[in-house]
Structures are given as C-alpha cells and as structure tokens.
Amino acid sequence: MLPKSKVDLYAAIRRDAKAGMSLRAVMRKYGVGFETVQRALVSALPEPRKKMRPRETRLDLFRPVIGAILTADLTAPRKQRHTVKRIYDRLLDEHDAVDISYQMVRAYVAGRREEIRLQAGKGVVDAFVPQTHKPGAEAEVEFGDVTVKLAGELVTCYLFAFRLSYSGKAVHRIFASAGQEAFFEGHVHALNVLGGVPTGKVRYDNLRAAVAQVLGLSRRRVEAERWTAFRSHYVHVPVGSRSLPTASATSMAV
C-alpha cells in the first residue's frame with residue numbers, strides 16, 4: 001500500500017534506502033522519479049509548496065485609489081469619512097470603473113481599511129499581557145449554581161471552587177444552598193486540603209455571600225461582619241500549616 005502523505009512517502013523511501021534497496025528499486029516501488037528520491041534522502045520533510053501569486057482581478061487598477069481615499073479618511077471629520085457605497089460611487093463617477101462590482105469593493109475595503117489604520121498607528125492591535133503568579137501567593141474562588149442528577153432527577157446545587165493561580169490546583173465542593181454557611185465551609189474545606197492560606201490575595205467571581213449591603217449609585221459593597229471576622233481569622237494562619245481549624249471550630253470562632 002502506498003504511503004498516504006508526502007511525509008510518509010519520504011519516510012518510506014529513507015527506510016528502504018537505509019535497508020539497502022537500490023534507488024532504482026525504490027523508484028519502481030513507489031512510482032516516483034529520481035529527484036523525489038534524492039530530496040527524500042536529503043531531508044525527512046518535503047519542501048513547502050510555493051505560494052501561488054495572487055490572481056489578478058479587475059479591482060487591481062483601482063487599489064491605489066481606494067488606498068488614498070482610506071488614508072485621507074484618517075484625518076477627515078467623522079461625518080466626512082467614506083462609506084463603502086461612497087467609495088464605490090466615486091470609482092464609478094471619477095474613474096469610470098464600470099467593470100467592478102460593489103461586492104468587490106466592499107470585500108477589499110473590509111480588510112484594507114484596518115491595514116491602513118494599523119500602519120498609521122491608529123488601529124487596534126491584538127495583544128495580551130501574560131499573567132505571572134508566585135507559588136502559593138494568589139487564588140481564585142467561584143461559587144455558583146450547577147445542575148446535577150440526583151436519584152434520577154435534575155437538581156440545582158451550588159459548586160464552590162477554590163483554585164491556586166500558580167499551580168492550577170483546585171478544590172471543589174458541592175452544597176445544597178448558596179448561603180453564607182456553605183460559603184464559609186467551602187473555604188475551610190479548601191484550605192484544609194491545600195494545607196495553608198495564600199500569602200497574597202484571593203479573587204472572587206461571586207462574593208454575594210459575604211456582602212451585607214450595596215450602597216446606592218456608587219455600588220460600593222459593605223462586607224458582612226461574619227465574613228470580616230472569618231477573613232481576619234485566616235490572615236494569621238501560616239502558609240503550609242496543617243493545623244487549620246475544622247468547619248465546626250471555625251463557625252464558633254467567627
């Protein structure tokens with residue numbers, strides 16, 4: 001059976017040649033020419049295909065005109081900038097571009113406009129800022145509803161997830177309610193499993209269980225007293241400590 005891809009073909013040729021098969025026999029076996037065999041012996045990877053030159057279109061003659069219009073739009077007042085329809089009308093009226101269609105102009109302008117903005121330093125560049133975390137320094141907490149099948153029926157429960165930002169290690173626990181007690185118990189369970197408290201900060205996707213009041217238009221959150229006490233208690237637990245309090249002891253302490 002012949003190899004399925006060119007890479008497989010090259011591998012087969014190299015294998016047979018190394019086993020002592022003559023080049024002529026290899027050529028007959030795989031139905032290839034001498035140059036193909038030679039290229040396979042030189043490199044295990046086929047040469048990349050040459051890119052075909054873009055096919056000429058009727059729009060090519062008017063690309064510089066469109067580019068000049070889009071460049072001028074960069075400094076023009078917003079209401080005076082060209083829509084695709086306006087560009088197309090100008091090509092018809094000023095350059096007798098009767099052989100091009102509106103769809104051709106629209107497709108070209110869609111990409112060319114952003115290219116010109118990027119070249120002028122005014123476009124939006126896709127970029128990202130890598131996140132870096134120190135070991136044991138930060139964590140994230142999510143507390144939201146999840147649907148599970150319990151005794152053959154779909155039941156809405158609440159999933160508490162505590163995840164360390166550096167290692168990605170996470171602890172999960174499901175509760176029947178989203179109350180404050182469950183919120184606290186989820187923390188106690190996670191910190192006991194992890195063996196300590198993050199040295200930096202913990203980010204919360206949903207902190208409703210710890211909020212006592214939301215103030216007016218500012219939307220500033222006022223923490224519940226029990227949450228403040230709970231949080232304060234764990235500030236004094238050393239990292240790596242295995243002597244964290246149990247859920248019942250914590251509820252008594254706060």
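Q: Which side chain does a polar contact of 3.0 Å join to that of D73?
A: The model is predicted, with local features needing pLDDT of at least 70, side-chain atom pairs counting only at pLDDT 80 or more, and totals for chains, interfaces and linings using all residues. Residues are numbered from 1 along each chain as its sequence is written, and side-chain values use heavy atoms, leaving out hydrogens and water. A polar contact is a pair of N or O atoms within 3.5 Å; within protein, one must be able to donate a hydrogen and the other to accept it, and residues adjacent in sequence count only if both atoms are side-chain atoms. At 3.0 Å from the side chain of D73, the partner is H82.

Q: Is H82 buried or exposed?
A: Buried means under 20% relative accessible area, exposed over 50%, and partly exposed in between (1.4 Å probe, protein chains only). Because its relative accessible area is 14%, H82 is buried.

Q: With which residue's side chain does the side chain of H82 make a polar contact, other than that of D73?
A: H82 is in contact (heavy atoms within 4.5 Å) with residues including I69 and I87, leaving aside neighbours within four places in sequence. A polar contact of 3.0 Å links the side chain of H82 to that of R90.

Q: How is L41 classed by accessibility?
A: The relative accessibility of L41 is 34%. L41 therefore counts as partly exposed.

Q: How far apart in space are D145 and F160, C-alpha to C-alpha?
A: D145 is exposed, with a relative accessible area of 60%. In sequence, D145 and F160 are 15 residues apart. Their C-alpha to C-alpha distance is 8.9 Å.
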